[in-house]
Amino acid sequence: MYRYDEFDHEFVAGRVAQFRDQVSRRLKGDISEDAFKPLRLMNGVYLQLHAYMLRVAIPYGTLSSRQMRMLAHIARRYDRGYGHFTTRQNIQYNWPKLGEIPDILEELASVEMHAIQTSGNCIRNVTADHFAGASADEVADPRPYAEILRQWSSLHPEFSFLPRKFKIAVTAAEHDRAAIQVHDIGLQLKKNEKGELGFAVWIGGGQGRTPMIAKKIKDFLPEADLLSYVTAIVRVYNLHGRRDNKFKARIKILVHETGTEELTAQIDAEWAQLRGGELTLPAEDIASIQAYFAPPPLTDRPEGWAQLAAWKRTDADFSAWVAQNVAPHRHPDYGMVTISLKPIGGIPGDASAEQMEVIADLAEELGFDEIRVTHEQNLVLPHVALADLEPLYRALAANGLATANAGLITDIIACPGLDYCALANARSIPVAQEISERFGDAARQREIGDLKIKISGCINACGHHHVGHIGILGVEKKGAELYQITLGGSADENTSIGEIIGRGFEPERITDAVETIVETYLAGRSNDKEDFLAYYRRVGSAPFKDALYGEKSQAA
Amino acid sequence: MALIWNETGVVENDRFASGEETPFIDLDAALTAAEEGANSLAVLVAPGDDVSRLAPVLDRVALVALDFPAFSDGRGFSHATLLRDRLGYEGEIRAVGDVQLDQVPFMLRVGITSVETRHEPTARRLTEMRLPGVGLHYQPSARRSQRPSETSYSWRRRTADAG
């Protein structure tokens, strides 16, 4: 993985000193809270309902064991002993003291981490496929490009006061695990006919109160032109994106109001001026960033196949965990292991300091020192030999980390909701917990199969409800919480926005409603190979409406 | 009372200091004045203006003032970049409006050469020449800055006077 050089160390140290100065001016009253807000946001510091919240960047979700141990240390020393992994592959601490945040940043800097641009109206932490560098289906590792974009976007002097936040995601496989079509810029690394690397470029995807699927504006952008083209996009957005209404300020609205064709023409005109200039990436620079991401030395471990088969025969729980949480690696003797942070009835994405340390140890011992954070709020050990799965499982299970539910109905994404967030209209976490309890039975989950439930506590959609197979949106109506259900959303290569099924449900009825939806699917599917999304796409919303609201609702 | 500052320090008695009357004319007025043969124009570019319209008259412009009406409005950063990199303007560019200390290092990097501020804590720190920026950069910009070394990545820069 990427390692800081002297330049990076000096830069981050400079940034910590700068923020320390900003905090001291705020505490002295030289800066008002209004003026401090954009400054602290650019360093990941939010003011929540009860306290400040610090969001630490985990670029493209990649962590070493050493870094994970530091996250555990910070949880223990400066917070209440846990952290919360987010849908942006970051980690949030909910209870730091403002005066201590510069110290936290200094500790992070010692392990090559920071909180730069994890919030604010700037280019946010660049995300990537959590299986990058390990999956069989990618054309090349997308993370070197995400790292180049991370560097280029850090404290960018022209793009630090954009109309609104700006999110970039990179994937390198046809099967999109990075949700690029719901990003401001989505990049798909691909090869052209000559075998050269470049990108298909999408812009204008997003969720929030106006969900939109991104539009493809370039089929093949040569890799050398990555920064000049992205600069052209962001410059056009900075100059022309709306600033009169923060709910219409994302680039998706600019795309929508200007028209894809016209906006693409503006971007291309700007790019024509920039192309071939000093932002052109030299091949040797790309190569030397790529060298940091060289695959680990995976020796052949064929003995794992027979061992795995034997272990599976003797332990049904282990067998179920392997089937659900271990995906094929590009090396046949290895697997990519999802560590679920969704224990039945737990808070999605939370991990205790002790759990983080266990994972750090296991990654070091059995996983080539690599950990990934997924946008689905789980962790991944991307390179584990099949021969090591059994001891890994035992250690995870002993620490509450072996829930065999990756991709199943209890693998729920939820935003922090009204329990923490100042923007929320409704609670998200208790809803996730109750659904998780209701469907906690392992056999029942497996029978239901792949089903993504995503819950947001307000229309800002941090819980990605628009792209949940079942999406749940908390709203406030007449002073009470109400939950609206959408069906049929998806954030993969066939991205779709879920459709609202009907009137909302009170907190005490939402889990029953989800169960009704699930039962309707189970009764209607043609066979157990037809997953929930495929069924919904085949039959539409009618059977679900009938089941939820009665036949009469169709006529009404 | 507004303070005018550039990298050499506080500027006293600047001829374009905002007083009771604005020293600037807007973009349309500047184009008209230039057509009529006026020189030494001080033009105020509003955030929504197309700065490239100034291209034909830049040799008649003494100062371009970029308006930052709110801390959160970053269009002026692109205007400055375009003036320097695209239009080749070499005269003074001044940030006016809601200019606050933490933006000033960014402003210098995109080619802004002076600022006018009414924010007292900002004025104090500028007077003390204590800027809060980081002298290392991950992107080229309009202001002259150097590659940190011959072997460093093409996108990296170091501000010439940073340690």
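In the predicted model, His137(B) stands opposite Arg157(B), a residue of strand S10(B). S10 (157–159) and strand S8 (136–137) of chain B run antiparallel and are joined by two bridges; strands, of at least two residues (E), and helices, of at least four (H or I), are DSSP runs numbered from the N terminus. Strands are taken as paired if DSSP finds at least two bridges between them. Three strands of chain B form an open antiparallel sheet in the order S8-S10-S9. Because S8 and strand S9 (145–146) of chain B stand at the edges with a single partner strand each, one side of each has no neighbour in the sheet.

Residues are numbered from 1 along each chain as its sequence is written, and chains are lettered from A and ligands numbered from 1 in the order in which they are written. Local features need pLDDT of at least 70 and side-chain atom pairs count only at pLDDT 80 or more, whereas totals for chains, interfaces and linings use all residues; side-chain values use heavy atoms, with hydrogens and water left out.

The contact (heavy atoms within 4.5 Å) involves 47 residues from chain A and 38 residues from chain B. Between them the two chains bury about 3,700 Å², of which 58% is on carbon and sulfur atoms; buried area is the accessible area (1.4 Å probe) that two parts lose on being put together, summed over both. Phe106(B), Tyr138(B) and Trp155(B) supply 19% of the area that chain B buries against chain A, more than any other three residues.

Nine salt bridges are found across the interface of chain B and chain A, each defined by a side-chain nitrogen of Lys or Arg within 4 Å of a carboxyl oxygen of Asp or Glu. One of them links Asp5(A) with Arg156(B), with the closest N and O atoms 2.8 Å apart. On the side of chain B that touches chain A, at least two residues each come from several elements, among them helix H2 (75–86) and helix H3 (104–109). The most is given by H2(B), with seven residues.

Over all chains, the structure holds 26 aromatic pairs, that is, rings of Phe, Tyr and Trp (its six-membered ring) with centres within 6.5 Å, counted as stacked for planes under 30 degrees apart, edge-to-face over 60 and tilted for the rest. The rings of Tyr145(A) and Phe199(A) are edge-to-face, because their centres are 5.1 Å apart and their planes are at 85 degrees. Tyr145(A) lies in helix H5 (residues 143–153) of chain A and Phe199(A) in strand S9 (residues 197–203) of chain A, so the pair ties together parts 54 residues apart in sequence.
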